[in-house]
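Reader: Please take me through this structure feature by feature. Give me the rule each time, then the case.

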Amino acid sequence: MVSCRNCDIVYTQRNSSVTVYEKFSLEVDTGECLALIGPSGCGKSTLLSMLAGLRPPTRGMVQINGRNVTAPRLETGFILQEYGLFPWLTVEGNIRLGLKIRGLDRRQEECRIDDLLEELDIRATKKRYPNQLSGGQRQRVALARVLVLNPDLILMDEPFSSLDALTRESMQRLLLDIQKNHRLTTILVTHSIDEAVLLGTRILVLTSMPARIAGEISNPLAGTSGYRASEEFFLQTKRVRTLLSQQLVAQSMIDC
């Protein structure tokens, strides 16, 4: 379980400060896929950084599986919008890097890498470099580099936003398969309402800063066959869109 309790995040620069989160609390159950959506600049990426142990809260406590998070943990995978691949390493080299840091022997490395190359359908790209790959292939390599370390939590910051529509849908289906096969807890930041409803078994809509939870939508049909074309999918997107519209109206009134 992921737990964030009464957390403040305050950015201080010179004589001014910005409160991103104030007394913010959140719980994510093991195996759940939580989708986070909200106005631009509301602090969604900052929240992921805090959960990853990269940005400790100014006040409050973050716990994963009952243990305080004060630094990055080995069991948390973080996938960035721009993939974070090293351009001087091949696909195989990028995937292998984390295993080398862990000190696993060569035989263990080969077995894990081969399994993931097959699962993610990137075996043919094994010896290529990132600049020789399509956007979808780079995203698959980024997923493989995280999955090879056997994480129990994956944090994803708009991972499919730079992909074309067809590739994005393909990657969404792949993520659903990965969640099913690896039983991972996933927290996904997205600006796409459809994507949030398709992938998130629970959807949180955030307000502008200081961010709070404007609404929470249970979405148990996420990932099920034919859901995207169903009436319930349309109704769920309408609920999310209504909550987001309310936040945009509220923000415009504050700005005025």
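The dialogue below takes up cores, a ring pair, a pocket, single residues and backbone geometry.

Reader: What should I know before reading any values?

Author: This is a predicted model, where local features need pLDDT of at least 70, side-chain atom pairs count only at pLDDT 80 or more, and totals for chains, interfaces and linings use all residues. Residues are numbered from 1 along each chain as its sequence is written, and side-chain values use heavy atoms, with hydrogens and water left out.

Reader: How many residues are in the largest nonpolar core?

Author: Definition first. A nonpolar core is a set of buried Ala, Val, Leu, Ile, Met, Phe, Trp, Tyr and Cys residues joined through side-chain atoms within 4.5 Å. Buried means under 20% relative accessible area, exposed over 50%, and partly exposed in between (1.4 Å probe, protein chains only). Here the largest core has 46 residues. Those with the most contacts inside it are Ile-37, Ile-95, Ile-122, Leu-143, Met-156, Ile-203 and Val-240.

Reader: Which helix gives the most to this core?

Author: Helices (H or I, at least four residues) and strands (E, at least two) are DSSP runs, numbered from the N terminus. Helix α4, residues 135-147, gives the most, with six residues. A second, separate core has 27 residues, including Ile-9, Val-20, Phe-24 and Leu-34.

Reader: Which residues is Ile-95 in contact with, leaving aside its neighbours within four places in sequence?

Author: Contact means heavy atoms within 4.5 Å. With those neighbours left aside, Ile-95 is in contact with Ile-113, Leu-117, Ile-122, Val-141, Ala-144, Arg-145 and Val-148.

Reader: How many aromatic pairs are there?

Author: Rings of Phe, Tyr and Trp (its six-membered ring) pair if their centres lie within 6.5 Å; planes under 30 degrees apart count as stacked, over 60 as edge-to-face and the rest as tilted. That rule gives three pairs. One of them joins Phe-86 and Trp-88, with centres 5.1 Å apart and 45 degrees between the planes, so it is tilted.

Reader: What lines the largest pocket?

Author: The search runs on a 1 Å grid over the protein atoms alone. A pocket is an open set of points where a 1.4 Å probe fits, with protein on both sides within 12 Å along at least five of seven lines; lining residues have an atom within 4 Å of a point. Grid points are joined across faces, edges and corners, and a volume is the space filled by probe spheres set on the points. The largest pocket holds about 620 Å³. Its lining has 23 residues, of which Thr-76, Gly-77, Phe-78, Val-146 and Leu-149 lie nearest the centre.

Reader: Which element supplies the largest share of that lining?

Author: Helix α2 does, with five residues. β6 (76-79), α2 (91-102) and α4 each supply at least two. For classes, Ala, Val, Leu, Ile, Met, Phe, Trp, Tyr, Cys and Pro count as nonpolar, Asp, Glu, Lys and Arg as charged, and the others, Gly among them, as polar. The lining then has 15 nonpolar, five polar and three charged residues.

Reader: Is Arg-168 buried or exposed?

Author: Arg-168 is buried, because its relative accessible area is 18%. This residue sits in helix α5, residues 165-182. Beyond four places in sequence, Arg-168 is in contact with Phe-160, Ser-161, Leu-163, Thr-190, Ser-192 and Glu-195.

Reader: Where is Cys-7?

Author: Cys-7 is in strand β1, residues 2-13. Cys-7 is buried, at 0% relative accessibility. Cys-7 and Pro-57 are 50 residues apart in sequence, yet 6.0 Å apart C-alpha to C-alpha. Asn-6 is also in β1, and its C-alpha is 9.5 Å from that of Pro-57.

Reader: How many residues of helix α1 are buried?

Author: Six of the eight residues in α1 (44-51) are buried. They are Lys-44, Thr-46, Leu-47, Leu-48, Met-50 and Leu-51. Just after α1, Gly-53 takes a positive phi of about 85 degrees.

Reader: Which peptide bond is cis?

Author: The bond from Met-209 to Pro-210 is cis, with omega near -10 degrees. Pro-210 lies in the loop between β9 (202-206) and β10 (213-218).

Reader: What is the phi of Asn-150, and of Glu-158?

Author: Asn-150 has a positive phi of about 55 degrees, although not a glycine. Asn-150 is in the loop between α4 and β7 (153-157) and is exposed, at 52%. Glu-158, also not a glycine, has a positive phi of about 45 degrees. Glu-158 is in the loop between β7 and α5 and is buried, at 14%.
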